[in-house]
Amino acid sequence: MFRITQYLQTLTDDRPPGPRRTPPGPVVIWNLVRRCNLTCKHCYSISADKDFPGELSSDEVYAVMEDLKDYGVPVLILSGGEPLLRPDIYDISRRAKALGFYVGLSTNGTLIDEDNIEAIAAIGYDYVGISIDGLRETHDRFRRRAGAFDESLRGIRLCREHGIKVGLRFTLTQDNAHELSQVLQLMEAEAIDKFYLSHLNYAGRGNRNRKDDVVHQMTREAMDLLFDTAWRHIQAGRPREFVTGNNDADGVYLLQWAQRHVPERVAALRQRLAQWGGNASGLWIANIDNLGDVHPDTFWWDYRLGNVRERPFSEIWEDRSDPLMAGFKQQPRPVTGRCAECRHLDICGGNTRVRAWQLTGDPWAEDPACYLTDEEIGASGRGERLRLTPYRRTTRVERA
């Protein structure tokens with residue numbers, strides 16, 4: 001996750017960067033249940049409104065949580081499917097809070113209503129993220145159900161009214177990029193605390209629909225709008241939290257934005273961005289799915305590192321005999337193509353590897369969704385390159 005507001009705020013003072021801080025353990029995104037009441041276009045878990053056999057029991061979940069706590073995991077994001085469809089979700093959430101985790105709930109929001117909001121508020125979730133993928137017509141089309149927008153907005157308002165920190169999650173595609181500004185206006189009108197923009201990742205239905213991924217110029221325009229909006233809030237003395245995910249080139253692009261607006265702060269910003277280091281899959285971001293399989297992040301469901309029924313998570317996560325995990329933990333990562341030549345590799349960490357994997361079968365190939373030019377990253381433009389077309393990424397590799 002790239003914390004736009006946090007880095008923009010550092011541009012308002014001249015304090016030098018502090019020492020790099022190492023997290024105590026990875027953030028774990030836990031898909032507790034695969035069942036969902038929606039069938040969204042970009043779903044990475046390909047969920048459906050049915051029960052999936054073999055999911056972890058309550059007692060198994062509790063045992064894994066104890067191991068995660070002992071291992072130093074600071075954050076649990078409880079997800080699905082739709083996590084509110086799991087009958088024991090409140091029991092699991094209470095146990096997670098009692099163990100001292102920062103606990104987030106990742107939900108489509110449609111099931112939050114007047115009947116359960118008191119129970120949700122009583123948990124004390126540190127954050128509830130609700131997906132909004134455009135205005136009413138666009139959102140309902142993405143979520144493949146009429147009325148989904150109004151139901152999700154009801155959930156957002158109920159959370160806000162009950163003192164729960166709530167945020168909007170927006171997955172950027174070619175079909176909804178034109179409504180980003182209006183969704184940001186909705187955030188302001190509804191006094192929502194946080195905005196998370198997710199770049200489309202090629203996994204699950206997101207992989208099937210990757211032809212809809214925004215072209216690079218549209219991505220740049222979206223990021224310009226986010227940076228300008230976040231900066232405006234900071235300048236007005238009422239900062240709100242803006243973050244992005246799944247495209248770590250955002251850090252390098254912010255550096256370019258700062259060069260245009262506050263050039264005297266660029267050197268310190270670059271140092272802070274290098275300390276961040278970009279993509280953390282397989283290192284500081286982990287995923288456990290509904291069956292207990294462990295993955296490098298939520299978009300690697302077709303790559304199994306182990307299962308918590310067979311080995312503790314802590315043991316699986318430390319095992320570098322797996323070549324993918326060995327590469328994830330290597331610094332710098334063994335990337336090729338443009339990524340290997342990039343002078344900002346220390347900032348983005350090679351970006352999101354799953355896109356290269358989905359298109360080429362090589363997790364270390366260049367990321368086709370990097371929207372920076374060869375000139376901006378210092379690449380020669382020679383050698384093997386993924387061939388990109390305006391509306392589709394291809395698996396074809398050409399010699400430049």
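How many helices and strands does the protein have? There are 17 helices and 13 strands, where helices (H or I, at least four residues) and strands (E, at least two) are DSSP runs, numbered from the N terminus. This is a predicted model, in which local features need pLDDT of at least 70 and side-chain atom pairs count only at pLDDT 80 or more, while totals for chains, interfaces and linings use all residues. Residues are numbered from 1 along each chain as its sequence is written, and side-chain values use heavy atoms, with hydrogens and water left out.

**Figure 1. The whole protein, before the close-ups.** Of the 400 residues of the protein, 59% count as buried; buried means under 20% relative accessible area, exposed over 50%, and partly exposed in between (1.4 Å probe, protein chains only). Take the contacts (heavy atoms within 4.5 Å) with a separation of 6 or more: 73% of them come from residues 24 or more positions apart.

**Figure 2. Helix 7 beside helix 9.** Two packed helices are described by the angle between their axes and the distance between the axes. Here helix 7 (residues 180-189) and helix 9 (residues 216-235) have axes that come within 10 Å and cross at roughly 25°. The axes are lines fitted to C-alpha atoms, for helices over the stretch in contact, and angles run from 0 to 180 degrees between N-to-C directions. Helix 7 and helix 9 are therefore roughly parallel to each other; angles under 35 degrees count as roughly parallel, over 145 as roughly antiparallel, 65 to 115 as roughly perpendicular and the rest as oblique. The crossing of helix 7 past helix 9 is right-handed, a label used if the near helix is turned clockwise from the far one by less than a right angle, with anticlockwise giving left-handed. On helix 7, L180, S181, L184 and E188 make the contact, and on helix 9 the partners are A222, L225, L226, T229, R232 and H233. These contact residues divide into five nonpolar, three polar and two charged.

**Figure 3. Two cis peptide bonds, at G80 to G81 and at Q331 to P332.** Most residues other than glycine have a negative phi, and most peptide bonds are trans. The bond from G80 to G81 is cis, with omega near 20°, and G81 sits in the loop between strand 3 (75-79) and helix 3 (89-98). Q331 and P332 are also joined by a cis bond, with omega about -5°; P332 belongs to the loop between helix 13 (323-329) and helix 14 (337-341).

**Figure 4. Positive phi at A191 and N246.** A191, which is not a glycine, has phi near 55°. Its place is the loop between helix 7 and strand 7 (194-199), and A191 is partly exposed at 40% relative accessible area. N246, in the loop between strand 8 (241-245) and helix 10 (249-261), has a phi of about 75°. With a relative accessible area of 16%, N246 is buried.

**Figure 5. Cysteines without a disulfide.** Taking a disulfide as a pair of cysteine sulfur atoms within 2.5 Å, the count comes to zero. C339 is in no disulfide, and the nearest cysteine sulfur, that of C348, is 6.1 Å away. C339 is buried, at 10% relative accessible area.

Note on methods: Ala, Val, Leu, Ile, Met, Phe, Trp, Tyr, Cys and Pro count as nonpolar, Asp, Glu, Lys and Arg as charged, and the others, Gly among them, as polar.
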